[in-house]
Amino acid sequence: MVSNSASESGAVPEVPIRDDVIRLGQFLKLADLAEDGAQARDLIADGEVRVNGEVETRRGRQLVRGDVVSVQMPAGEESAQVG
């Protein structure tokens, strides 16, 4: 699948996690896709977040390595992969 990430090469940056899983709200902050928990909550509630191409509205969604999270930002879509 080709990503619409901000990267010109099309590669999605990988963000390493410490454990086997991470919650979506936490990952948005870790990957700098959200400034804080409140912004992460709002992005998710507004339907601006996709996990593996599907809109995700659960902040507590468990992510595993390999999942790709995309957020629609004013400047365009930004993505990060759980690593």
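Which residue forms a salt bridge with Arg65? Asp20 does, with the closest N and O atoms 3.5 Å apart. Salt bridge here means a side-chain nitrogen of Lys or Arg within 4 Å of a carboxyl oxygen of Asp or Glu. The pair links distant parts of the chain, 45 residues apart: Arg65 is in the loop between strand S5 (62-64) and S6, and Asp20 is in the loop between strand S1 (14-15) and strand S2 (21-23).

Before going on, a word on the source. This is a predicted model, in which local features need pLDDT of at least 70 and side-chain atom pairs count only at pLDDT 80 or more, while totals for chains, interfaces and linings use all residues. Residues are numbered from 1 along each chain as its sequence is written, and side-chain values use heavy atoms, with hydrogens and water left out. Helices (H or I, at least four residues) and strands (E, at least two) are DSSP runs, numbered from the N terminus.

Buried means under 20% relative accessible area, exposed means over 50%, and partly exposed is in between, with a 1.4 Å probe and protein chains only. Asp20 has a relative accessible area of 60%, so Asp20 is exposed. Arg65, at 42%, is partly exposed.

The count of salt bridges comes to four. One of them joins Asp42 and Arg41, with 3.7 Å between the closest N and O atoms. Both are partly exposed: Asp42 has a relative accessibility of 38%, and Arg41 has a relative accessible area of 41%. Another joins Glu56 to Arg58, the closest N and O atoms being 2.8 Å apart. Glu56 is buried, because its relative accessible area is 6%. Through shared partners, salt bridges join Glu56, Arg58 and Arg61 into one network.

Next, the sheet. In what order do the five strands of the open sheet stand? The order is S1-S7-S6-S3-S4, and the pairing is mixed. Two strands count as paired if DSSP finds at least two bridges between them. S1 and strand S4 (54-55) stand at the edges with a single partner strand each, so one side of each has no neighbour in the sheet.

Going across from S1, two bridges join S1 to strand S7 (residues 76-82), and these strands run parallel. The bridge partner of Glu14 in S7 is Gln81. S6 and S7 pair in the antiparallel sense over six bridges, and they form a hairpin with two residues between them. In that pairing Val71 stands opposite Glu78 in S7.

Is Ser70 buried or exposed? Ser70 counts as buried, because its relative accessibility is 10%. The side chains of Ser70 and Ser79 are joined by a polar contact of 2.8 Å. A polar contact is a pair of N or O atoms within 3.5 Å; within protein, one must be able to donate a hydrogen and the other to accept it, and residues adjacent in sequence count only if both atoms are side-chain atoms. Leaving aside neighbours within four places in sequence, Ser70 is in contact (heavy atoms within 4.5 Å) with residues including Glu48, Val49 and Arg50.

On to helix H2 (residues 37-45), where Ala40, Leu43 and Ile44 are buried. Seen down the axis of H2, the buried residues fall within an arc of 95°, so they line one face of the helix; the arc is that of the directions from the helix axis to the C-beta atoms. These buried residues pack against helix H1 (24-30), S3 and S6. At the N-terminal end, Asp36 caps H2, with a side-chain oxygen 3.2 Å from the backbone nitrogen of Ala38. After H2 comes Gly47, whose phi is positive, near 75°.

Last, the core. A nonpolar core is a set of buried Ala, Val, Leu, Ile, Met, Phe, Trp, Tyr and Cys residues joined through side-chain atoms within 4.5 Å. The largest has 20 residues, and Leu24, Phe27, Leu28, Val49, Leu63 and Val69 touch the most other members. H1, H2, S3, S6 and S7 each supply at least two residues of this core. Leaving aside neighbours within four places in sequence, Val69 has contacts that include Leu24, Phe27, Leu33 and Ala80.
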